[in-house]
Amino acid sequence: MELLADVPRHPRSVDHLDRFHGLPVLTFPQASLPRPLPDDPASVAWRVGVGLREDDERTDVYWDRFVANVPLEEVRALVLGAPWFGSDGMGEYLIEALVELRDRLPRLEALFLGDVHFEESELSWMEQCDVAPVLEAYPGLRELGVRGSKGLGFPVIRHEGLRTLRFETGGLPASVTRNVAASELPNLEYLELWLGDEWYGCDTTLEDLQPFLTGERLPSLLHLGLQNSQFQDEIAAAVAQAPVVARLESLRLSMGVLGDEGAEALLGGQPLTHLRFLDLHHHYLSDAMMLRLWDALEPAGVRVDLTGNGDEDDEDEDDDTRYVAVSE
């Protein structure tokens, strides 16, 4: 499975997924807009999400029709979307529905909760829920993605199946970060955390991230993302000395307020030339520092993403205010 290509990057907003778990995303059609379904249900990631039009079906009717018309025993990936995770406890409704269907979804490998477009709901408005029941119901789940953090719960758990875990939030609660760090995920290869802004619920601290930096509880980790942070320079300085980095294939410190201080720490720390990919997009680096990073890493074969210099978006050149890419 390609772990780099499927991860969306939206410096200013979030959008619907077009690929998930290495598969193209196909939205199950509304009854008013029927179209042929694929012959092989395992060839796509099924997006189940009604829109915002007045003539869209009721959630329960649409869901029941999906369950009745798609051979669930062949489904490998599900993407659950708008507007169900924006209000009214629909996240919990669908978690309960998935738990009830566990015997009919024996091949389910990947689940994304909250595929909501930014025009449908701001990230900070999205209601999530405790994901413990679905993790317990699907021990073979290999990938879990979650968008939004209001009401989000993640248990301290042992899960042998998970290879990829991703939280897309404008404010990641410390309780979630700590419980992920305390969990036993022996086969987890890819971890991505969008930390966000304190005004939108981020109370995760650098200390909370230390277990990920040692790598002791994540023996299989190869791809780490600690992103979208107000303290991105401090994270970069900690990463520069982190034991886990020596075995990583990719590192994402993007979407936050990374400046020259953090980049200087990266360049002065342990070697990064073994990486396949270093993602620093949406940053506040000087031109001179960007050149230093490229000169130090790209000749060794490291692909470095330095797109989206945040300073270029500031209308007032004297304004040193820096913003994470995704918050509200």
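**Notebook: a helix pair and a histidine**

I began with the overall make-up and found 8 helices and 12 strands in the protein, where helices (H or I, at least four residues) and strands (E, at least two) are DSSP runs numbered from the N terminus. I note that this is a predicted model, in which local features need pLDDT of at least 70 and side-chain atom pairs count only at pLDDT 80 or more, while totals for chains, interfaces and linings use all residues. Residues are numbered from 1 along each chain as its sequence is written, and side-chain values use heavy atoms, with hydrogens and water left out.

I then looked up burial, and buried residues (under 20% relative accessible area, 1.4 Å probe, protein chains only) make up 55% of the 328 residues.

Next I turned to helix α4 (residues 174-182) and helix α5 (residues 206-214), which pack at an angle of about 25° with their axes 9 Å apart; the axes are lines fitted to C-alpha atoms over the stretch in contact, and angles run from 0 to 180 degrees between N-to-C directions. The two helices, α4 and α5, are therefore roughly parallel to each other, a term for angles under 35 degrees. Their contact (heavy atoms within 4.5 Å) is made by Ala174, Thr177, Arg178, Val180 and Ala181 of α4 and Asp208, Leu209, Pro211 and Phe212 of α5.

Last, I looked up His281, which lies in the loop between β11 (277-279) and α8 (287-297). His281 is buried, with a relative accessible area of 2%.

Technical notes:
Angles under 35 degrees count as roughly parallel, over 145 as roughly antiparallel, 65 to 115 as roughly perpendicular and the rest as oblique. Buried means under 20% relative accessible area, exposed over 50%, partly exposed in between (1.4 Å probe, protein chains only).
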